[in-house]
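Open the model in your viewer and keep the selection tool at hand. We will take a few stops, one after another.

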Amino acid sequence: STLEVGERSGLIIGPSGTDYIVTSSAPDTVAVEQVLTFWVAVAKAEGSAEITASNSTGECGSMKLTVSSTTPTIPETQSDP
């Protein structure tokens, strides 16, 4: 999944009702926050990070998020001599 710098994305972690620990391999690139009972990924800087969720029974899963720059690319123009 790809996000742009500044974007937030909800993370669906289930089954619901179970306590999870959610971490980012690169919190300066993608931070994770718990908002009420939901987890949110926050794109901080260009790059990628692996988000890992684990519960008290040792079950875990992960996913990779890539963050792209929000700076638009300006195409080069050619001038006629």
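**Stop one: a pocket lining**

Sorted by class, the residues lining the second largest pocket are 9 nonpolar, 5 polar and 1 charged. Keep in mind that this is a predicted model. The pocket holds about 200 Å³ of space. Now select I13, T52, A53, G61 and S62: of the 15 lining residues, these are the closest to the pocket's centre. Next, colour three strands: strand 3 (20-24), strand 6 (47-55) and strand 7 (60-68). Each supplies at least two residues of the lining.

Which order do the 4 strands of the open sheet follow? The order is 1-7-6-3, and the pairing is mixed. Look at the edges, where strand 1 and strand 3 stand. Each has a single partner strand, so one side of each has no neighbour in the sheet. On average, neighbouring strands here are turned by 25° against each other, direction ignored.

Zoom in on strand 1 and strand 7. They pair in the parallel sense over 3 bridges. Select T2 and then T66, its bridge partner in strand 7.

**Stop three: L3**

Move to L3, which is in strand 1 (residues 2-4). Is L3 buried or exposed? Its relative accessible area is 6%. That is under 20%, so L3 counts as buried.

Now show its contacts. Leaving aside neighbours within four places in sequence, L3 touches S9, A43, L65, T66, V67 and S68. Finish with L3 and L65: they lie 62 residues apart along the chain, and their C-alpha atoms are separated by 7.3 Å.

Key:
Residues are numbered from 1 along each chain as its sequence is written. This is a predicted model: local features need pLDDT of at least 70, side-chain atom pairs count only at pLDDT 80 or more; totals for chains, interfaces and linings use all residues. Side-chain values use heavy atoms; hydrogens and water are left out. On a 1 Å grid over the protein atoms alone, a cavity is a set of points where a 1.4 Å probe fits but cannot get out, and a pocket is an open set with protein on both sides within 12 Å along at least five of seven lines; lining residues have an atom within 4 Å of a point. Grid points are joined across faces, edges and corners, and a volume is the space filled by probe spheres set on the points. Ala, Val, Leu, Ile, Met, Phe, Trp, Tyr, Cys and Pro count as nonpolar, Asp, Glu, Lys and Arg as charged, and the others, Gly among them, as polar. Buried means under 20% relative accessible area, exposed over 50%, partly exposed in between (1.4 Å probe, protein chains only). Contact means heavy atoms within 4.5 Å. Two strands pair if DSSP finds at least two bridges between them. Axes are lines fitted to C-alpha atoms, for helices over the stretch in contact, and angles run from 0 to 180 degrees between N-to-C directions.
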